[in-house]
Amino acid sequence: METAFAQMREITLPKAGGTEQQSVFVCINGRTFQVPRGKRVEVPLPVYEVLENARRQLEAARKIEDELAAG
C-alpha cells in the first residue's frame with residue numbers, strides 16, 4: 001500500500017517578493033520540507049495539500065478584503 005508521502009504532485013509557488021523568504025517551510029507530523037519559490041517542483045501529496053489549502057485561504061481572505069474595501 002502506497003503512503004500519501006510516496007504520492008508526488010507538481011507545484012509552482014510564486015516568486016518571493018520584497019522581504020519574503022526564497023522558499024516555504026512546511027512541517028507535517030515532524031517531517032520538514034523546504035519548497036523553493038519560482039520553480040516547478042515535485043512534492044509529496046500532503047505537502048501539496050498544505051500549500052494548496054494555504055493558497056485558497058489567502059485567496060478567500062483577499063476576496064473578503066476587496067469586498068469590504070468596496071463598501
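Does valine 47 count as buried or exposed, and what is its relative accessibility? In this predicted model, valine 47 has a relative accessibility of 0% and therefore counts as buried, the cut-off for that class being under 20%. The residue belongs to helix H1. Once neighbours within four places in sequence are set aside, the contacts of valine 47 are Val26, Ile28, Phe33 and Val35. Along the chain, 18 residues separate valine 47 from glutamate 65, and the C-alpha atoms of these two residues lie 27 Å apart.

Confidence in the prediction was considered next. The mean pLDDT of the protein is 95, and 99% of its residues reach 70 or more. Confidence is highest in strand S4, at a mean of 98, and lowest in H1, at 96.

Helix H1 comprises residues 45–70. At 1.5 Å a residue, its 26 residues should span 38 Å, and the C-alpha atoms at its ends are 37 Å apart, so the two values agree. The buried residues of the helix are Leu45, Pro46, Val47, Leu51 and Glu52. After the helix comes glycine 71, with a positive phi near 95°.

Strands S2 (residues 23–28) and S3 (residues 31–36) are paired in the antiparallel sense through 6 bridges. Within this pairing, serine 23 has proline 36 of S3 as its bridge partner. The two strands form a hairpin with 2 residues between them, and asparagine 29, located in the turn, shows a positive phi of about 50°.

The largest nonpolar core contains 12 residues, namely Phe5, Ile11, Leu13, Val24, Val26, Ile28, Phe33, Val35, Val41, Val43, Val47 and Leu51. Two or more of these residues are given by each of S2, S3, S4 and H1. The largest share, 3 residues, comes from S2. In soluble globular proteins, nonpolar side chains tend to be buried together. Valine 35, one of the core residues, touches Leu13, Ser23, Val24, Val41, Val43, Val47 and Leu51 when residues up to four places away in sequence are not counted.

The core also includes Phe5 and Phe33, and both phenylalanine 5 and phenylalanine 33 are buried. The count of aromatic pairs comes to 1. In this pair, the ring centres of phenylalanine 5 and phenylalanine 33 are 6.1 Å apart and the ring planes meet at 10°; because planes under 30 degrees apart count as stacked, the pair is assigned to that class. The pair links distant parts of the chain, since phenylalanine 5 lies in the segment before S1 and phenylalanine 33 in strand S3, 28 residues apart.

The segment before strand S1 (8–12) also holds glutamine 7. At 25% relative accessibility, glutamine 7 counts as partly exposed, because this value falls between the limits of 20% and 50%. Apart from neighbours within four places in sequence, glutamine 7 is in contact with Glu2, Val43, Pro44 and Leu45. Glutamine 7 and proline 46 are 39 residues apart in sequence, and their C-alpha atoms are 8.7 Å apart in space.

Technical notes. Residues are numbered from 1 along each chain as its sequence is written. This is a predicted model: local features need pLDDT of at least 70, side-chain atom pairs count only at pLDDT 80 or more; totals for chains, interfaces and linings use all residues. Side-chain values use heavy atoms; hydrogens and water are left out. Two strands pair if DSSP finds at least two bridges between them. Helices (H or I, at least four residues) and strands (E, at least two) are DSSP runs, numbered from the N terminus. Buried means under 20% relative accessible area, exposed over 50%, partly exposed in between (1.4 Å probe, protein chains only). Contact means heavy atoms within 4.5 Å. The expected span of a helix is 1.5 Å times one less than its number of residues. A nonpolar core is a set of buried Ala, Val, Leu, Ile, Met, Phe, Trp, Tyr and Cys residues joined through side-chain atoms within 4.5 Å. pLDDT is the predictor's confidence in each residue, from 0 to 100. Rings of Phe, Tyr and Trp (its six-membered ring) pair if their centres lie within 6.5 Å; planes under 30 degrees apart count as stacked, over 60 as edge-to-face and the rest as tilted.
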